[in-house]
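Here is a friendly note to read beside the model. Take the points in order and find each residue as you go.

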Amino acid sequence: MFKKIFSGVQPTGNLHLGNYLGAIKNFVDLNNDSKNDCIFCVVDLHAITVKQDKDQLTNNIRETAATFIASGIDPSKSIIFSQSKVHAHAEGSWILSCMAPMGWLNRMTQFKEKAGKDKERASVGLYIYPILMASDILLYDTTHVPVGEDQKQHLELTRDIAQKFNKDFDCEDFLRVPEPLIKKDFSRIMSLKDGLKKMSKSDPSDLSRINLTDTKDEIINKIKKAKTDSLPIPNEYQKLKDRSEAKNLLGIYSSISDQTLDKTLEEFGGKNFSDLKSQLAEVLSSKIFPISDEIKKLIKDQNYLDKVLAEGANKAEEMAGKKIKEMKKIIGF
Ligand code: TYM
């Protein structure tokens, strides 16, 4: 079946194993299937919903594009571009924000988590961030959106907004209602230090995550220090209940080795965590280190990265520009 894929990653630095296993690895598989049309966006407008250093932002935009390419996305097959270069995203976001009721946005749990206790001081941009995400997706007639579990609620909102627009303006199917693509067992990679907390770029402890720019020694050291429990590894999924750290390490091993959790439990059931950790460190360093090495090489070739982003923006502009034009006509502009 033909799929039109759109997804985005924020250029906020420290891209980690959660971003890779939850999203980027799936982008690569989708890019490799010739039946798909894929668009991967460096969502820099989303990044500025919290304060960014100007020079660092510029570097992080290039580094995110480099991470896509180093992971295996081929810019001659898929479109790679940065969101701020295509005007239609911001324009679409404004139009959709005039359709979406506040009540829908008030339900967004990620805003509550990110704004923390002092939500009066959070930017308006952070609050309406899911609408910009809806605009990103809907401008390209996207059929499928590969993301990690934490974006599920934003995708449900995108679907609701699309349906409301189509109904309000009596234009059935104008905005395509997209399907999420969320990998069942591996869509929420947890911190290496606390199995109840998501692996995140904002965690102050670098030991909580494997960065996609880590060296082999750093990867081995972080896995060695990852939290576990004192019981042996079980051989059944049900016995992983309430053992979040064990479940996370087994999940990471399965995902990076492209095998089911059941197969991993078969492999390690009855063994100690030291066995799992040494195998995990090995497989992670063999898969992540080449990416990290390639990112470092690509980042030195700014001209190449800027060319990929510029060509991608031209192609994206053509599609999104057409859609926004039709959208404005429907509204009466
Ligand atoms: P962002 O930049 O926070 O994360 C990029 C992708 O990585 C996934 N992810 C994880 N997956 C599993 N375990 C984790 N610990 C983990 N941490 C992050 C995210 O689910 C995401 O898929 N709002 C989005 C970016 C965005 C977007 C879009 C995505 C903007 N417009 C349109 C899809 C379509 C975000 O902040 O992702």
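Which residues line the largest cavity? Keep that in mind while reading the two ground rules. This is a predicted model, in which local features need pLDDT of at least 70 and side-chain atom pairs count only at pLDDT 80 or more, while totals for chains, interfaces and linings use all residues. Residues are numbered from 1 along each chain as its sequence is written, and side-chain values use heavy atoms, with hydrogens and water left out.

1. **The cavity.** The largest cavity is lined by Q110, F111, K114, L126, Y129, P130 and H154. A cavity here is a set of points, on a 1 Å grid over the protein atoms alone, where a 1.4 Å probe fits but cannot get out; lining residues have an atom within 4 Å of a point. The space inside the largest cavity is about 50 Å³, and the count is one cavity of 30 Å³ or more. Helices α6 and α7 each give at least two residues to the lining (helices are DSSP runs of H or I, at least four residues, numbered from the N terminus).

2. **An aromatic pair.** F111 also has a ring partner, Y127: the centres are 5.3 Å apart and the planes at 75°, so this pair is edge-to-face. Rings of Phe, Tyr and Trp (its six-membered ring) pair if their centres lie within 6.5 Å; planes under 30 degrees apart are stacked, over 60 edge-to-face, and the rest tilted. F111 belongs to α6 (residues 109–115) and Y127 to α7 (residues 124–138), 16 residues apart. Both F111 and Y127 are buried (under 20% relative accessible area; exposed is over 50%, partly exposed in between, with a 1.4 Å probe and protein chains only).

3. F165 and F169 make a tilted pair, 4.8 Å centre to centre with 40° between the planes. F165 is buried at 0% relative accessibility, whereas F169 is partly exposed at 26%. F6, F81 and Y140 form one aromatic cluster.

4. **Helix α9.** Which residues of α9 (residues 216–225) are buried? They are I219, K222 and I223. These residues cover an arc of only 100° around the axis, which puts them on the same side of α9 (the arc is that of the directions from the helix axis to the C-beta atoms). An α-helix has 3.6 residues a turn, so residues three or four places apart point the same way. The buried residues of α9 pack against α12 (273–300), with contact meaning heavy atoms within 4.5 Å. Exposed D217 and K224 lie on the face turned away from the buried side of α9.

How values were computed:
On a 1 Å grid over the protein atoms alone, a cavity is a set of points where a 1.4 Å probe fits but cannot get out, and a pocket is an open set with protein on both sides within 12 Å along at least five of seven lines; lining residues have an atom within 4 Å of a point. Grid points are joined across faces, edges and corners, and a volume is the space filled by probe spheres set on the points.
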